[in-house]
There are 2 protein chains.
Amino acid sequence: MNLDERKRKILSSVVEDYIESAEPVGSKTLVEKYHLDYSSATIRNEMKLLEEAGYLEQPHVSAGRIPSTKGYRYYVDNLMKERKLSMVDINYIDNTINGFGDTDAIFEQIADVVSKILSTPTVITKNNTDTIENIKVVKISEKLLLIVLMSKNGTVKDCIAKLTDTVEDDVIEKLTNILNKDLAGTPIKELHLALNNVIMKDLQAFSGIMDDVVNSIKYEMSKDMKKLNSGIENILEKPEFSDIDKVKNFINMISTKEIIDSALQKSKDNKLSIVIGSENKEVLLNDYTIISLDIEKDNKYLGKLSVIGPKRMNYAKTISTLKYINSKFKNTLTSGKKNNNVKGDNSEKGRK
Amino acid sequence: MNLDERKRKILSSVVEDYIESAEPVGSKTLVEKYHLDYSSATIRNEMKLLEEAGYLEQPHVSAGRIPSTKGYRYYVDNLMKERKLSMVDINYIDNTINGFGDTDAIFEQIADVVSKILSTPTVITKNNTDTIENIKVVKISEKLLLIVLMSKNGTVKDCIAKLTDTVEDDVIEKLTNILNKDLAGTPIKELHLALNNVIMKDLQAFSGIMDDVVNSIKYEMSKDMKKLNSGIENILEKPEFSDIDKVKNFINMISTKEIIDSALQKSKDNKLSIVIGSENKEVLLNDYTIISLDIEKDNKYLGKLSVIGPKRMNYAKTISTLKYINSKFKNTLTSGKKNNNVKGDNSEKGRK
DNA sequence: TTTTAGCACTCTTTAACTTTAAGTGCTAAC
DNA sequence: GTTAGCACTTAAAGTTAAAGAGTGCTAAAA
């Protein structure tokens, strides 16, 4: 079905009003609020047609209409106007994402910022093909070593190893060399296994300190896999989560790594992907929309930044936020400079 | 009022039943469930006296009784039996708190473990008199420096500084020396100011890299102040939070640093402090109980581990958990060894 | 003197019913 | 093609009634 101008206008108004109000939209509301130059009866007839064509739904017979998945999809693809981010939001982003820290730290900052601006949970998934590039071992006191692992994509992980014995400088140097020789190029997801091999092969001589060093590294890397989302508390404000059971279900769902992974995998081809409601094969996600953006640097895929929320989300704002973040992120990472007037002590100033 | 044996038994049963069920406890329940060898009428008379004496409360006339703050207090001080932690919990703690990482990392592990075992939010406050002991600067690549700050109490913070220019090894050595000379002994809470002074005084010569280094440090330290609690999602399961507004209020409350600080400050004298309901001067906390434990190492006060939840919390289990953690923590920190059969790769195994 | 059976009383919870309000779909007229 | 008008449906809000839980008191029993 081809939608004529009037139908498009009506659909667009229904979507936008519903995104704003969370209430089914009636014909009278449309006429008054959106200045459609027809009577409510005409609008009703049009809405009926839109419903029959699958763009709108009616929770019950005496309620207004809400957009269907198909309706949202049409809106996103054809009706939605590109939206500029407000200066407030731009300033907030600029002041908060300051470029300090490694790739992971910046990923985390981004997730926090996005979840605050959009009041919605945000998930970051990292590309799991990243590899170890370089390892440094620093002696920071008699029995404490700091082990620094740098990845190809610019992630720096470090961990403290508490030694049971003291250790000489030349031992540390040897250890560093061996670790680098054996581990450089290892995919991070295989590090665990690789570490075991290193022990077997080359590090028998260091048995006194190896357990401490290797276990510390393993632990640090395992910790990393866990914290991948932020902003859960924001959904409490949304009317669709006024029921505590829905909140629990939602939290459980996005804490289940498999569900999130399944949702994010299939959208690898295009940089910005939008999966609305029942477009998602995972049934548990059928009431939600996931918008995600591939993050790249020098044409290398670093990971995916995803926003997950109810279908009734602010698509225009979400998309413009992600796009702005993306441009900024590229800049932050590739230049190696912090990009603007960051003074270093205004990181607390943004919104709360 | 002196409570005779029967009253003590009744009070104790009311408290324990209410902690378990979250429902007001009636006389019949007590007789049947706790095998009191009296009729329900006798129990009713006793409960009336207990209410008049202020140990029990009645939500409304046709409901059972719930403990008052005074009732909980009497229970905690006189009736509660010391409880052994279950083997499941002990194993979980042992496998999760593995001694890897610095003091902060262990603090964080502890907060996570406690909040999981007790299903309640946990707050860690750190002693803010900790001072900088030693600073190392490590060059990890052409334009990347890793700055490591060690505190007197064993906290290790590090941050990446991205430089705008390359830097020579001898410059790094000089920089390290100056930083150590000027900053060693500085209280962490004054670090921000101290860093400004250092720039003014000794580091004019390094102006090319100083902004990067100093700002990175400042940012890292500011980040540290934020994340002090975990386990908020656990309260969703508790019946007192079936109303979403209560959840919101609670989250707001414990996110407000001032409230938590005010609650924790006044209990500095004894190592285990229990503040029940209206004993807390902060009105917003009058429906909650805070149990906290001072954490020490070598007689040095490191910080406070606090559990915050509804008055109706499992006091016995909370206390035994904190005590066990405390003993384990001491062990973990002072020995410099990981304490038991940690294999390093079982950190994911505990409960989810 | 202490304990207990019995019962009237209070208050909450639940269910059933009624009313109100919102918004539709259809018809017939414009 | 558009619109006024109206009967109709349904959810939400309000009302009333009944059921259930637990008490406090009285008077009798131990």
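**Rings and their surroundings**

Tutor: Phe241(A), Phe250(A) and Tyr288(A) are joined by ring pairs into a cluster. Keep in mind that this is a predicted model. Over all chains, the structure holds ten aromatic pairs. One of them is formed by Tyr72(A) and Tyr315(A). Their ring centres are 5.6 Å apart and their planes meet at 40°, so the pair counts as tilted. For that label, the angle must fall between the cut-offs of 30 degrees for stacked and 60 for edge-to-face.

Where do Tyr72(A) and Tyr315(A) sit in the chain? Tyr72(A) belongs to helix α4 (residues 69-79) of chain A, and Tyr315(A) to helix α12 (residues 315-335) of chain A. Tyr72(A) and Tyr315(A) are both buried.

Now turn to chain B. Tyr72(B) and Tyr315(B) form a tilted aromatic pair, with 5.6 Å from centre to centre and 40° between the planes. Tyr72(B) lies in helix α4 (residues 69-79) of chain B, while Tyr315(B) lies in helix α12 (residues 315-335) of chain B. Here too the pair links distant parts of the chain, 243 residues apart. Are these two tyrosines buried or exposed? Tyr72(B) has a relative accessibility of 1%, so it counts as buried. Tyr315(B) is buried because its relative accessibility is 0%.

Rings also meet charges. In chain B, Lys70(B) lies over the face of Tyr55(B), 4.6 Å from the ring centre. In chain A, the charged end of Arg6(A) sits over the ring of Tyr38(A), at 4.3 Å from its centre.

Arg6(A) leads on to the DNA. A polar side-chain atom of Arg6(A) lies 3.2 Å from a phosphate oxygen of DNA strand D. Arg65(B) also places a polar side-chain atom by a phosphate oxygen of DNA strand D, at 2.9 Å. Arg44(B) reaches a base instead: one of its polar side-chain atoms is 3.1 Å from a base nitrogen of DNA strand D. Two elements give two or more residues to the surface near DNA strand D, namely α3 of chain A and α3 of chain B. α3(A) gives the most, with four residues.

Of the atoms of DNA strand D that come within 4 Å of the protein, 76% belong to sugar and phosphate.

His35(A) is in the loop between α2 (27-34) and α3 (40-52) of chain A. His35(A) takes a positive phi of about 50°, though it is not a glycine. Most residues other than glycine have a negative phi. At 64% relative accessibility, His35(A) is over the 50% cut-off and so counts as exposed. His35(B) is in the loop between α2 (27-34) and α3 (40-52) of chain B. Its phi is positive as well, near 50°. With a relative accessible area of 63%, His35(B) is exposed.

One last stop is helix α1 (residues 5-21) of chain B, which holds Ser12(B). Ser12(B) is buried because its relative accessibility is 12%. Leaving out residues up to four places away in sequence, Ser12(B) touches Tyr75(B) and Leu79(B).

Note on methods
Residues numbered from 1 in each chain as written. Chains lettered and ligands numbered in written order. Predicted model: local features only at pLDDT ≥ 70, side-chain atom pairs only at ≥ 80, totals over all residues. Heavy atoms only, no water. Buried < 20%, exposed > 50% of the residue type's maximum accessible area, 1.4 Å probe, protein only. Contact = heavy atoms within 4.5 Å. Phe/Tyr/Trp six-rings, centres within 6.5 Å; stacked < 30°, edge-to-face > 60°. Lys NZ or Arg CZ within 6 Å of the ring centre and 35° of its normal. Near = heavy atom within 4 Å. Polar contact = N/O pair within 3.5 Å; in protein donor to acceptor, adjacent residues only side chain to side chain.
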